[in-house]
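Thank you all for coming. I would like to walk you through one model today, slowly, and I will begin with a question once it is on the screen.

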Amino acid sequence: MAGEARIILGIDPGLAHTGWGVIEQCGPRLGCVAYGCVATASDVPLAERLLKIHHQVGAVIERFRPCCVGIETVWFGNNVTAAFATGQARGAALVACAEMGLAVGEYSPSQIKLAVVGEGTAEKEQVQYMVRHLLKLDRDPEPDHAADALAAAICYTTHETGRFA
């Protein structure tokens with residue numbers, strides 16, 4: 001893999017905000033290609049919100065042509081209602097990935113933090129800092145959902161190769 005570049009998509013699912021981030025890996029080097037967020041309004045019917053997530057994630061895949069995706073799993077915590085909404089958004093994004101035949105790596109929030117920061121209980125600011133550092137960005141990616149998506153893409157590289165840049 002030393003000379004071959006590949007494009008990796010990362011997804012931080014959420015019903016209100018689904019973050020996405022695209023990185024390029026060439027050997028041990030990582031670079032940021034693009035990132036953003038799919039936002040849906042709470043006053044829009046659920047089916048339409050999920051369709052928007054599906055279509056926009058699909059558009060990102062068509063534009064950047066990743067070969068694989070790292071996506072965050074649902075963390076239940078104390079808010080089961082929010083976890084179900086996140087799970088639905090995650091499903092819409094996963095269908096878009098499956099339609100394009102992408103290899104999918106699914107990672108818990110603590111796995112992503114461990115891969116990016118070296119500590120599974122890292123704070124959000126630590127993750128943003130390390131994403132900025134690892135991808136050599138001028139500033140923290142915003143919104144934070146996009147930074148989390150880039151972290152999921154970075155996590156994919158660490159779990160597949162056992163190391164990161």
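Is Arg 65 buried or exposed? Please keep in mind, while you look for this residue, that what you see is a predicted model. To find Arg 65, go to the loop between α1, which covers residues 46–64, and strand β4. Arg 65 has a relative accessible area of 54%, and since the cut-off for calling a residue exposed is over 50%, Arg 65 is therefore exposed. There is a further point about its backbone, because most residues other than glycine have a negative phi. The phi of Arg 65, however, is near 50 degrees, a positive value in a residue that is not glycine.

You will find Lys 136 in the loop between α4 and α5, and with a relative accessible area of 69% it is exposed.

Let us stay with that loop, which runs between α4 (124–134) and α5 (144–161) and which also holds Pro 143. What kind of peptide bond joins Glu 142 and Pro 143? It is a cis peptide bond, with omega at about -5 degrees, whereas most peptide bonds are trans.

Now let us turn to the sheet. Five strands form an open sheet with mixed pairing, and their order is β3-β2-β1-β4-β5. At the edges are β3 (29–39) and β5 (103–107), each of which pairs on one side only. Neighbouring strands of this sheet are turned against each other by 20 degrees on average, if direction is ignored.

Within the sheet I would like to follow β1, residues 5–12, which is mostly covered, as seven of its eight residues are buried. On one side, β1 pairs with β2 (residues 17–26) in the antiparallel sense, over eight bridges, and the two strands form a hairpin with four residues between them. As an example of this pairing, Leu 9 has Val 22 in β2 as its bridge partner.

β1 also runs parallel to β4 (residues 68–72), to which four bridges join it, and here Ile 11 stands opposite Ile 71.

Notes:
Residues are numbered from 1 along each chain as its sequence is written. This is a predicted model: local features need pLDDT of at least 70, side-chain atom pairs count only at pLDDT 80 or more; totals for chains, interfaces and linings use all residues. Side-chain values use heavy atoms; hydrogens and water are left out. Buried means under 20% relative accessible area, exposed over 50%, partly exposed in between (1.4 Å probe, protein chains only). Two strands pair if DSSP finds at least two bridges between them. Axes are lines fitted to C-alpha atoms, for helices over the stretch in contact, and angles run from 0 to 180 degrees between N-to-C directions.
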